Amino acid sequence: MKAFQLEDTCGIGGLMLRCNLEKPEPGPDEVLIRVRAASLNFRDYIVAHGQYPVGVKPCVIPLSDGAGDVVEVGISVTTVKVGDRVAGCFFPDWVSGPLTQEIFQRSLGGPLDGMLAEYVVLPQRAVIPFPEHLSYQEAATLPNAGVTAWHALVKAGRIRAGQTVLLLGTGGVSLFALQFAKLHSAIVIQTSSSDEKLERAKAMGADYLINYEKTPEWDEEVMKLTGGRGVDIVVEVGGAQTLERSLRAARFGGMVTLIGLMAGFGKIDPLPLILRSIRMYGINVGSADMFRAMNLAIATSGLHPVITRTFPFDHANYAYAYQFNQTEDHFGKTVITV
């Protein structure tokens, strides 16, 4: 079996292709999946550079997100069958209910081997059939970015028609959030440093556009666009460098769903959080139940994830470089076909 492994945590230079690994065998409650596609997330950059807070398994097979075919099932498996097209869950142990520390410490592509391999074995609870109209490449974008956006807006944010949502950037989570917000008839304010990307977001349904390079005080622009009220929900992917402005852009009693750290770490002023009675909710992907609920919405609406570029399996290192260099044409998800 072929698979990639991270031989060190010094960056993508430690990503090595291994061609003689033993093909895994499923146990009684497990499923063997022939992986057809996998996708990259910012979290994979953190893993590769030794910054993942939970730690990384030595010589881990990276990537949390992938989709493929069921080729073998254990004797106790009842939820899927051979031939089903499925995706894996980011947290294999999180079926429903709240996230616990024990669940958080076991995720694919870090503490556990991930999806950048020809074959993987997962427990049946972590194997989710995906909508029929999606390709393997599209389905491979769902487990992290898709479920995270669904958790932020629908499960935690309880988004309703007519509400206003602020989305930062045009990465995978933000574009999924744009699609889910429009499914719920919400108003979307989208930010980016690229006018071209903003126009593409507009074509997907974004109602208001802000170039944060041209408008550094974008929180003030958000307040103008909302008549001084602020937005109901902010999907915050930047971290410390953007969080204070996100707090100032939220309405009194609004919610900031905190997802990523793409703009880095640091300290923030908590005063806007207190003075505006804002709820801040930390998002860690989501459960299998959230995944299934999201899939139902995707199947009903016919939604298609946005993929910016696809790379072949043997060129996974180029996919990493493209994803994390954030080139001008990067808009949506980067996918590796297996």
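Which residues does Asp232 touch, not counting residues up to four places away in sequence? They are Gln163, Thr164, Arg251, Gly254 and Met255, where contact means heavy atoms within 4.5 Å. The model is predicted, so local features need pLDDT of at least 70 and side-chain atom pairs count only at pLDDT 80 or more, while totals for chains, interfaces and linings use all residues. Residues are numbered from 1 along each chain as its sequence is written, and side-chain values use heavy atoms, with hydrogens and water left out.

Asp232 lies in strand E11, residues 231–236. Strands are DSSP runs of at least two residues and helices (H or I) of at least four, numbered from the N terminus. Asp232 is buried, at a relative accessible area of 6%; buried means under 20% (1.4 Å probe, protein chains only). Its side chain reaches the backbone nitrogen of Thr164 at 2.8 Å. The Asp232 side chain also makes a polar contact with the side chain of Arg229, at 3.1 Å. A polar contact is a pair of N or O atoms within 3.5 Å; within protein, one must be able to donate a hydrogen and the other to accept it, and residues adjacent in sequence count only if both atoms are side-chain atoms.

Helix H4 (residues 142–156) packs against helix H10 (residues 288–301) at about 90 degrees, with axes 9 Å apart. The two helices are therefore roughly perpendicular, a term for angles of 65 to 115 degrees. Axes are lines fitted to C-alpha atoms over the stretch in contact, and angles run from 0 to 180 degrees between N-to-C directions.

The disulfide count is 0, with a cut-off of 2.5 Å between cysteine sulfur atoms.

Notes: Buried means under 20% relative accessible area, exposed over 50%, partly exposed in between (1.4 Å probe, protein chains only). Angles under 35 degrees count as roughly parallel, over 145 as roughly antiparallel, 65 to 115 as roughly perpendicular and the rest as oblique.
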